[in-house]
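This briefing is meant for someone meeting the structure for the first time. Please look over the sequence and the model, and then read the notes below, which are grouped by topic.

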Amino acid sequence: MLKRLLPQLQVNTIYDIDLNDLWAKGVRGIITDLDNTLVGAKAPLATPELIEWLKVVAQIGFQVVIVSNNNKLRVSKFAEPLLLPFIYRAKKPTSAAFHKALGMMNLLPSQTVVIGDQMMTDVLGGNRIGLFTILVLPIAKGDEGFFTKVVNRSLEKVATSWMKR
């Protein structure tokens, strides 16, 4: 069970991901979390740096779907100006939203990565269905909600310390 919490790759930010390497390995789709992965949890819109990154992602040829546990208003206000498809109230780590995103892109798990900042939702959910999982550091930990801050991060600390033994 604990192995499912381990990402295949861990980087500081999305900007540290070698997109050309992913493409060369046959990856064609990116499922990404929103809050504290692309922007801070309280940032309403994409930053100029993120917009440039998304342009590079598109130029390479990747498809992108935002999969978030947040509500429709939050996710749609962020994703629609970027013309990105999205799934809100995803109930990660359950697999339904990940399967839905794969269907939206018409891709297989072997062709897709999931990027997120939480082991308990993004990594676990992606690993459960065979996606390549990439864990990033949270952008703004202070902006996290109560459940994430108190429950998920505490469980991540316990799991990480146990796995280091």
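The side chains of Asp 35 and Arg 74 come together in a salt bridge, with 2.5 Å from N to O. Asp 35 lies in the loop between E2 and H2 while Arg 74 belongs to helix H3 (residues 72-79), so this pair ties together parts of the chain that are 39 residues apart in sequence. Both Asp 35 and Arg 74 are buried. The model described here is a predicted one, and the structure holds five salt bridges and three aromatic pairs.

**Salt bridges around Lys 92**

- Asp 33 forms a salt bridge with Lys 92, and the closest N and O atoms of these two residues are 2.9 Å apart.
- Because Asp 33 sits in the loop between strand E2 (29-32) and helix H2 (48-60), and Lys 92 in the loop between strand E4 (86-87) and helix H4 (96-105), the pair ties together parts that are 59 residues apart in sequence.
- Asp 33 and Lys 92 are both buried.
- Lys 92 also forms a salt bridge with Asp 122, where the closest N and O atoms lie 2.7 Å apart.
- Asp 122 is found in helix H5 (residues 119-128) and Lys 92 in the loop between E4 and H4, so here the parts tied together are 30 residues apart in sequence.
- Asp 122, as well as Lys 92, is buried.
- Through salt bridges that share partners, Asp 33, Lys 92 and Asp 122 are joined into one network.

**Aromatic pairs**

- Tyr 15 is partly exposed, having a relative accessible area of 29%, whereas Trp 53 is buried, with a relative accessible area of 9%.
- Trp 23 and Phe 62 form another edge-to-face aromatic pair, with 5.2 Å from centre to centre and 90° between the planes.
- Distant parts of the chain are linked by this pair too, with Trp 23 in helix H1 and Phe 62 in the loop between H2 and strand E3 (63-67), 39 residues apart.
- Trp 23 counts as partly exposed at 28% relative accessibility, while Phe 62 counts as buried at 6%.
- Arg 28 lies over the face of Trp 23, at 3.6 Å from the ring centre.

**Helix H3**

- Which residues of H3 are buried? They are Arg 74, Val 75, Ser 76, Phe 78 and Ala 79, and Arg 74 is the residue whose side chain meets that of Asp 35 in a salt bridge.
- The elements that cover the buried residues of H3 include H2, E3 and E4.

Terms used: Residues numbered from 1 in each chain as written. Predicted model: local features only at pLDDT ≥ 70, side-chain atom pairs only at ≥ 80, totals over all residues. Heavy atoms only, no water. Salt bridge = Lys/Arg side-chain N within 4 Å of Asp/Glu carboxyl O. Helix = DSSP H or I, 4+ residues; strand = E, 2+ residues; numbered from the N terminus. Buried < 20%, exposed > 50% of the residue type's maximum accessible area, 1.4 Å probe, protein only. Phe/Tyr/Trp six-rings, centres within 6.5 Å; stacked < 30°, edge-to-face > 60°. Lys NZ or Arg CZ within 6 Å of the ring centre and 35° of its normal. Contact = heavy atoms within 4.5 Å.
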